[in-house]
Amino acid sequence: MNEQSKTVETDAPQMLTDGFHLVIDALKLNDINTIYGVPGIPITDFGRIAQAEGMRVISFRHEQNAGNAAAIAGYLTKKPGICLTVSAPGFLNGLTALAHATTNCWPMILISGSSEREVVDLQQGDYEEMDQLAIAKPLCKAAYRVLHAKDIGVGVARAIRAAVSGRPGGVYLDLPAKLFAQVMDAEAGSNSLIKVIDPAPRQLPAPDAVSRALDLLKSARRPLIILGKGAAYAQADDDIRAFVEKSGIPYLPMSMAKGLLPDDHPLSAGAARSLVLKQADVVMMIGARINWLLSHGKGKSWGEPGSKQFIHIDIEPKEMDSNVQIAAPVVGDIGSCVAALLDGMGGNWATPTDEWIEAINERKATNLAKMAPKLMNNAIPMDYHSALGALRTIIKERPDAILVNEGANTLDFARSIIDMYKPRKRLDVGTWGVMGIGMGTAIAAAIETGHPVLAIEGDSAFGFSGMEVETICRYNLPVCVVVFNNSGIYRGTDINPSGGSDVATTVFVKGARYDKMMEAFGGVGVNATTPDELSRAVNEAMDSGRPTLVNAVIDEQAGTESGRIGNLNPQSVVSKK
Ligand SMILES: Cc1ncc(C[n+]2csc(CCOP(=O)(O)OP(=O)(O)O)c2C)c(N)n1
Ligand SMILES: [Mg+2]
């Protein structure tokens with residue numbers, strides 16, 4: 001028995017607190033005021049008390065969606081997003097999102113109640129028995145368990161630090177049922193809590209690393225900057241823009257870095273992606289990892305082998321040389337690194353040659369001119385271009401709105417067609433290309449920012465989290481979901497090769513009306529078959545803030561297998577026969 005619980009026995013009546021309140025107080029002390037979760041044993045009362053204590057507690061229909069909400073809340077706020085679940089199955093449902101947050105380097109804490117340690121460890125068959133801590137460990141950045149109420153302050157502080165410091169990621173916090181009911185002296189409890197000072201300390205880059213990078217950049221004839229979502233996460237928006245503009249170097253935004261500088265910025269090379277990747281001689285990565293999304297820095301898309309040198313800015317030293325040699329590693333937090341680079345540039349930085357800039361501008365103009373008529377077409381049913389052409393205008397007119405996007409073709413076309421104008425407004429499937437982030441992301445985006453949200457969803461993608469339209473209606477959130485309904489995964493036209501009565505594996509019910517799902521819960525449902533109808537419905541939703549779902553009927557044949565990454569499908573000579 002510990003000190004404080006002894007006092008409780010000998011010194012009643014006195015002010016007491018318990019595990020429930022201590023966890024809530026510890027979170028609030030650290031400015032964490034929102035919880036995303038699903039109730040049940042042993043955390044139902046925890047949610048109730050948190051709500052009573054003034055926290056925003058958003059209840060979902062499935063933990064994975066709550067977890068995805070917490071993950072994106074972490075990305076948007078630089079504070080750990082909190083997901084709260086029950087034991088075993090609820091924990092496992094939330095775990096996918098925790099792994100997703102870790103992979104994307106977003107701070108998140110999954111708090112799960114767990115069953116009795118003594119019973120779990122002897123495998124005696126407890127209610128929802130599972131050794132959750134052991135299972136979580138390999139899937140997140142850190143995992144902790146708190147057994148005593150007096151340790152809650154430390155447990156929460158460690159979880160917060162682990163989530164946000166260095167390269168951010170997911171943290172698991174295991175809270176056994178017994179902990180919540182433990183009581184202790186209220187004052188001792190309050191004194192045991194920790195307000196985390198400087199949870200994500202700046203990490204300054206070494207001065208010689210900064211000058212090495214600047215020297216290499218200066219020597220370039222065809223320099224390129226690639227901005228990743230790590231750069232967007234850093235919230236160093238002004239310095240990043242100043243660095244790009246002062247250097248005069250064209251930049252390429254990765255998907256979620258779109259809008260960090262507006263997509264119509266003269267230095268954006270987004271519409272000349274293949275040209276700049278091929279031809280650049282020095283490439284500076286800012287908060288972007290060289291992974292599958294950049295073809296690992298090699299291969300055809302990167303031009304002649306050995307034709308480039310890389311500068312890499314990242315907070316994680318282990319990231320350097322992950323796929324190709326990094327000639328100039330700059331390790332530190334993005335904000336400090338970019339500030340140091342700006343500082344080191346001096347007053348007379350020579351911007352890149354006209355030849356390089358003109359080549360890029362020419363390619364941009366050609367590609368944009370090719371795209372323009374496609375966006376205006378009025379064919380029925382709509383194709384991806386005409387439907388997205390309508391939505392593109394809506395985002396242009398509302399640069400503060402948040403765009404959530406998932407699917408295959410629906411994702412790839414929307415990414416290239418819809419320009420973003422402000423940082424952290426485009427939220428999508430992230431590093432793994434996960435289907436199912438849609439509704440959790442949309443809900444958290446609305447809750448955390450208060451801005452209207454437009455979620456552009458493939459019909460398959462939407463299905464992974466579709467039940468959360470009830471959550472959207474329940475909290476009356478300004479979310480407009482547009483389902484790109486092409487009756488299937490990639491396309492709606494596949495045929496069962498056996499000729500049997502089951503439909504093909506990629507095909508859904510024809511003529512489905514997803515809009516009725518929103519109507520079932522009191523929201524607005526619209527069926528749109530033309531760009532005009534689509535435009536009208538979405539404009540109205542974005543202006544009214546009413547929960548809306550637009551079923552956008554898309555040509556079943558318009559998509560391609562796996563969107564733009566069909567080349568990643570394994571091909572066997574046997575199956576081709
Ligand atoms: C969790 C998860 N399961 C499965 C997949 C495989 N997958 C990739 S895209 C996709 C759905 C694509 O269809 P849809 O969302 O309708 O977009 P479309 O191409 O038809 O526009 C699926 C199932 C995935 N990426 N993530
Ligand atoms: Mg589809």
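Which residue forms a salt bridge with Asp-131? Arg-145 does, with the closest N and O atoms 3.6 Å apart; a salt bridge is a side-chain nitrogen of Lys or Arg within 4 Å of a carboxyl oxygen of Asp or Glu. The model is predicted, so local features need pLDDT of at least 70 and side-chain atom pairs count only at pLDDT 80 or more, whereas totals for chains, interfaces and linings use all residues. Residues are numbered from 1 along each chain as its sequence is written, chains are lettered from A and ligands numbered from 1 in the order in which they are written, and side-chain values use heavy atoms, with hydrogens and water left out.

**Salt bridges**

- Side chains of opposite charge can pair when their charged atoms come close.
- The structure holds 25 salt bridges.
- Helices (H or I, at least four residues) and strands (E, at least two) are DSSP runs, numbered from the N terminus.
- Arg-145 is partly exposed, with a relative accessible area of 25%, and Asp-131 is partly exposed at 35%. Buried means under 20% relative accessible area, exposed means over 50%, and partly exposed lies in between (1.4 Å probe, protein chains only).
- Arg-145 and Asp-131 belong to a network of salt bridges that also includes Arg-117, Asp-121 and Asp-174.
- Arg-48 and Asp-45 meet through their side chains in a salt bridge of 2.7 Å, N to O. Both residues lie in helix α3 (residues 44-52), three residues apart, which is about one turn of the helix.
- Arg-48 is exposed, with a relative accessible area of 53%, while Asp-45 is partly exposed at 37%.
- Arg-513 forms a salt bridge with Asp-515, and their closest N and O atoms are 2.8 Å apart. Arg-513 is partly exposed at 37% relative accessibility, whereas Asp-515 is buried at 1%.

**The magnesium site**

- The protein donors of the magnesium ion (ligand 2) are Asp-459 (OD), Asn-486 (OD1) and Gly-488 (O), lying 2.1 Å from the ion. Donors are N, O and S atoms within 2.8 Å of the metal (3.2 Å for Na, K and Ca); water is not among the atoms, so sites may look incomplete.
- The donor residues of the magnesium ion (ligand 2) follow the sequence spacing D-x26-N-x1-G.
- Asp-459 in helix α20 (residues 459-463) and Asn-486 in the loop between β17 (479-485) and α22 (515-520) link distant parts of the chain, 27 residues apart.
- Asp-459 is buried, with a relative accessible area of 3%, and Asn-486 is buried at 2%.

**Surface patches**

- Patches are made of residues with over 30% relative accessible area and no salt bridge; like charges are joined within 9 Å, and nonpolar side chains (Val, Leu, Ile, Met, Phe, Trp, Tyr) within 5 Å. Accessible areas come from the Shrake-Rupley method with a 1.4 Å probe, and for residues only the protein chains shown count as cover.
- Lys and Arg count as positive and Asp and Glu as negative; His and the chain ends are not counted. The place of a charge is taken as NZ of Lys, CZ of Arg, CG of Asp or CD of Glu.
- A patch of negative charge on the surface gathers Asp-354, Glu-355, Glu-358 and Glu-362. Glu-362 is in helix α16 (residues 354-376) and is exposed, at 58% relative accessibility.
- A patch of positive charge on the surface gathers Lys-278, Lys-300, Arg-363, Lys-370 and Lys-374. Helix α16 gives the most to the positive patch, with three residues.
- Arg-363 is found in helix α16 and is partly exposed, with a relative accessible area of 32%.
- Trp-292, Leu-293, Ile-565 and Leu-568 form a nonpolar patch on the surface, with about 330 Å² of accessible area together. Leu-293 is in the loop between β11 (282-286) and β12 (309-314).

**Backbone features**

- Most residues other than glycine have a negative phi, and most peptide bonds are trans.
- The peptide bond from Ile-41 to Pro-42 is cis, with omega near 5 degrees.
- A cis peptide bond also joins Ile-380 and Pro-381, with omega about -5 degrees.
- Arg-424 has a positive phi of about 60 degrees although it is not a glycine, and Arg-424 is buried at 13% relative accessible area.
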